[in-house]
Each structure stands twice: as C-alpha cells, then as structure tokens.
Amino acid sequence: MKLTDFFENVPEIEIKSLMDDSRKKRPESIFFCIKGYVNDGHNYIDQAIENGAIVIVHSEPIENPNPDITYIKVKDVIHVFNQVADSFYDYPSHKLTMYGVTGTSGKSSIACIIKDILNHIEPTGYVGTLSVEYNNVKLPPLLMSPNIDELHGILHDMVDAGIQSCAYEVSSVSIEQGKVDAIDFDVAIFTNLTQGHLDYHGTMANYFHAKKKMFDQLKEDAVAIVNVDDPSGMKIVQDTNAKVVTYGIDHEADYRVTDYHILKDSIHFTLRVDETEYRIETNLIARFNIYNLVGAIAALHQKGLAIETIAQYTNQLHQVEGRMQRIKDGQPFNLIVDFAHTPDGIEQVCQYASSITAKENRIIAITGSVGKRDTMKRPIFGEILDRYCDMIILTEDDDRGENVREIAEDIAKGIHHTNYIIIEDRYDAIRQSVELCSSNDTILILGKGDEKFMYREFGREPYEGDDVICHEVLKKYYFGDEGGLDETE
C-alpha cells in the first residue's frame, strides 16, 4: 500500500509493513512511537530505522531528523496506529462476527466454548491466552496480548482462511492500552470483576473503568452481555450504546438458571429464556462453569443460533486446557489442574473441591504467586486455602527473579489453621502431593494451568506443564512405572 492511503500531504511511497517494536526487522515500514508502560518508542527511532522503518509516526518533537525518513507528527499515536492497521489489513474485524470476552476470570472458558460450539455451524477462530486457532492452524499464545499490528494481522489471516467468526479474550490491559480500539465487536461479554492486575491498574476503580471502556465503545447494533450476579455487571454497561442482555443464577435475568445439579463429572440445569425453559446438560464441571456456559449460550443465541441447536453440543465440549482439567490415569483420587491465580478463581475451585470431597477425605492444594506482581493478593490466597484445604504446599509460580520462599511466606501470612509446607521446585511439590494423597482425596494444582513456560528474572524458560508433570508423577511414583488408564478429560 502507499503512504498516501493512510495520510494526506505525504510522499507517495510504498509501505510493506507496520512496526511498534524497534527490535524487529520490518522492511519499508511505518514505525509508531508508542509510549508504553515502561518504554517510550520515541527513544528507539534510530533502531527502528536500522531495522527498516522509512516513516516515523510520533507525538513528541524529533531532534536531528534523518533527511531520508518521512516524519509524521500526530496528537495520538495509538489512535492513528489503530486506524492505519485496520486499513492496512483491509478491515478484518468488520468481515468477521467478533465475540469479545472480558472480565477477571472465565474469559478463556467462554471464548473456547463459543469457538467449540460455533465450529459445528461455521468456521470459527479463537485468539487468547491458550493459543491462536482457526481451521487446522494452532499457534502458540503470544507472550502478551497481541499488539495492534499482530491482532489485525491474525484476523486478516483468519478472513483469508475462510473463517466467519472469532472469539477473542480481551484483557483489561489491552483495553487500557488502546489495542482493541479499532476492533469491530459484534458481541461483548462481561464475566465478573474481582481483584486482579492491580500491579498495572493500581486500584479496583481503574481496573473497572478499563473494562467499562470496551462497552462504552460498542456500536449501536452490537450486543453487550453481562453477568447480572456480579456487582459490577449493570454498572459496566450503564453508558453503552449497545443492546444490553443479562445472564445469571441468583438474580432475575434474560438468561436465568432456575435450578442446577452439579455432579462430579457433569452439570444439569434449567435455563429460562423469554418464559421458555430449556434443559441443558454439559460435561463441564463446577458452579462457575454454569456462568461461563450460559454467557456463551446467550452470545450465540443473540446472534441467531437456536438454543435447541446449541444444547446439542453442550455435553460434548472439549476440555479447555488448564481450566478445571481433571487428570484421570486410573488413580483412586481426584487430581485437578487449574489456571486459578486470583482470589476469586482460587475460591471457586476450592468450593468445587469441597463439593466432591467427603468430609473424611482431604483437599490438598499446591499453589504459588507470581513474582513482582500484585503482592497484596498473596495473604488473601492463604486465607482462602486455609478455609477449604487440609494440606497446603506452597511452591514457585513465575518468580520473575523474586525469591520463591519469600513469596511463599507472604502467602503463608494468611494461613492460620491448616498445615502447610514450602517446596520451591514445582515438580517436587506435585510429586509430594501425590505421595501424601490417599484414596478419594482431592489434589488441586493451581496457578499455571496449561502454561508451558516459567517466567524467570532473565525472561521465560520452558516448563513441562502441570498436566504433563501429573502424568509423569503418577506413572513413576504412584503406579511405579506401570502406569494407569490415561483418561485426561
């Protein structure tokens, strides 16, 4: 494309790529000087030029400009970057039915449920913390939420591949940083708001307003779907232009669960919509997954899919990796891997464990807390585990260079009654939990979920993954290398 396709009164030069990371080679590119949380792109213009930038979009004055480079000064670089990226990739989100899911927890699950069910009807993609998926393409998750260029590029590739819809996990950080300002959302789903990302947002009020911004920006013909049982549910849509639809269990809602039965391996519930009741069965587990499933049902139904059709597929949903993942290798106890890393997430998993574990049996939890992030939640973790668990093992979780034992001791400040030990190596912690476990006990391995890396001071390094380690430990230390029946759900 030509630079004149994006700006007026500029040279008619060919643009082949976009850039906001000066370290990456982007020949014949436009470099956008983004002021980030830590770095300011204005400080890296020379490096960007070395790596192929021929146009610089900036908001601050430039000293000693290069005569061979075109400089374009704008008031808001992020706004311009969004508009240019949308045009450069031929407006891909406008060609897809875009489902955006935001909230503290449940984003991955709802997005994956939408993708899973809708793929029976039309080709559907997914962008989130688990991966990027469409058709037979499955790419590893990006280090952070995709930047503006990456996101539009991914959606463009989906359009080229014949994808018709996309379910996208939208983080509060990506909203706050303006990364989704040019995304044309058809449906936006709000799950809940509990403590999280305070290391970035600072206060719960800031966190709330970051989420709210997504709904404030929705177009008039979009649909805003909110969990009415969450105290922030109706507040988050009070200024939206979109149609507001509610779902819930405890309060009256457009999609209301009137009764439910949570079993060890399934959930049955009645869903009332417009005075009609539907019986829903699902292979998902735990009460919070009722919310996740109903949020997804509401989104799909609002876009024209009959609930009777949706219900055909709710009992055959794929296991969302690292989200309430039950490891079943033939062992006589429950072993669950979950991504829970917020107080609310940990409590919900513990509540489920309590519901499936007899009083005479034990709940053993393994968890840590990430280093150099939101340290206030650590003793809260301890308080929650103290209420539900009979044994707690504190271990590593993305230490980022902070001392693992000191992190564990911060969590332990909230533990007053339950026995706990600190085992810094996560593999050893999982092994120890299995060796301590008796028949019909429940082990919860929390925090990492499906992640195959561990953040250290120098960056991230490969990690086997909690699920892989569980299989290894069961085979080697429980079954004595003879193995059991592998039935990972």
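These legends go with a set of close-up views of a predicted model.

**View 1. The whole chain, before zooming in.**
Start with the overall count: the protein has 15 helices and 23 strands. Its radius of gyration is 24 Å, close to the 23 Å that the globule rule gives for 489 residues, so the protein is as compact as a globular protein of that length. Along the principal axes, the C-alpha atoms fill a box of roughly 75 × 55 × 45 Å. How much of the protein counts as buried? The figure is 58% of the 489 residues. Look also at who touches whom: take the contacts between residues at least 6 apart in sequence, and 65% of them join residues at least 24 apart.

**View 2. An open sheet built from 11 strands.**
Follow the strands across and you read E8-E7-E6-E9-E5-E10-E11-E12-E13-E14-E15, with mixed pairing. Which strands sit at the edges? They are E8 (137-139) and E15 (276-282), and each of them pairs on one side only. On average, neighbouring strands here are turned by 15 degrees against each other, direction ignored.

**View 3. Strands E5 and E9, with two helices packed on the sheet.**
Here E5 (residues 97-102) runs parallel to E9 (residues 165-169), and five bridges link the pair. To find your place, look for Thr97, which stands opposite Ser165 in E9. Helix H5 (residues 148-160) packs on the sheet and touches E5, E6, E7 and E9. The direction of H5 makes about 15 degrees with that of E7. Helix H4 (residues 107-118) lies across E5, E6 (124-127), E7 (132-134), E9, E10 (187-190) and E12 (243-248). Compared with E6, H4 runs at about 165 degrees.

**View 4. A second open sheet, with six strands.**
This one reads E16-E17-E21-E18-E19-E20, and the pairing is again mixed. E16 and E20 (419-422) stand at the edges with a single partner strand each, so one side of each has no neighbour in the sheet. Inside the sheet, E17 and E21 (residues 442-446) pair in the parallel sense over five bridges.

**View 5. Helix H11 meets helix H12.**
How do the axes of H11 (residues 343-356) and H12 (residues 378-388) cross? They come within 10 Å and cross at roughly 10 degrees, which makes H11 roughly parallel to H12. On the H11 side, the contact is made by Pro343, Ile346, Glu347, Cys350, Gln351 and Ser354. H12 brings Ile380, Phe381, Ile384, Leu385, Arg387 and Tyr388. Sorted by class, the contact has eight nonpolar, two polar and two charged residues.

**View 6. Gly330 in its loop.**
Gly330 is found in the loop between E16 (325-326) and E17 (334-338). Is Gly330 buried or exposed? With 51% relative accessibility, Gly330 counts as exposed. Gly330 and Leu474 are 144 residues apart along the chain, yet their C-alpha atoms are separated by 9.3 Å.

**View 7. The hairpin of E22 and E23.**
E22 (residues 453-456) and E23 (residues 459-462) run antiparallel and are joined by four bridges. Together they form a hairpin, with two residues between the strands. Phe453 has Pro462 in E23 as its bridge partner.

Definitions and conventions. Residues are numbered from 1 along each chain as its sequence is written. This is a predicted model: local features need pLDDT of at least 70, side-chain atom pairs count only at pLDDT 80 or more; totals for chains, interfaces and linings use all residues. Side-chain values use heavy atoms; hydrogens and water are left out. Two strands pair if DSSP finds at least two bridges between them. Axes are lines fitted to C-alpha atoms, for helices over the stretch in contact, and angles run from 0 to 180 degrees between N-to-C directions. Contact means heavy atoms within 4.5 Å. Angles under 35 degrees count as roughly parallel, over 145 as roughly antiparallel, 65 to 115 as roughly perpendicular and the rest as oblique. Ala, Val, Leu, Ile, Met, Phe, Trp, Tyr, Cys and Pro count as nonpolar, Asp, Glu, Lys and Arg as charged, and the others, Gly among them, as polar. The radius of gyration is taken over C-alpha atoms; the globule rule is 2.2 Å times the number of residues to the power 0.38. Buried means under 20% relative accessible area, exposed over 50%, partly exposed in between (1.4 Å probe, protein chains only).
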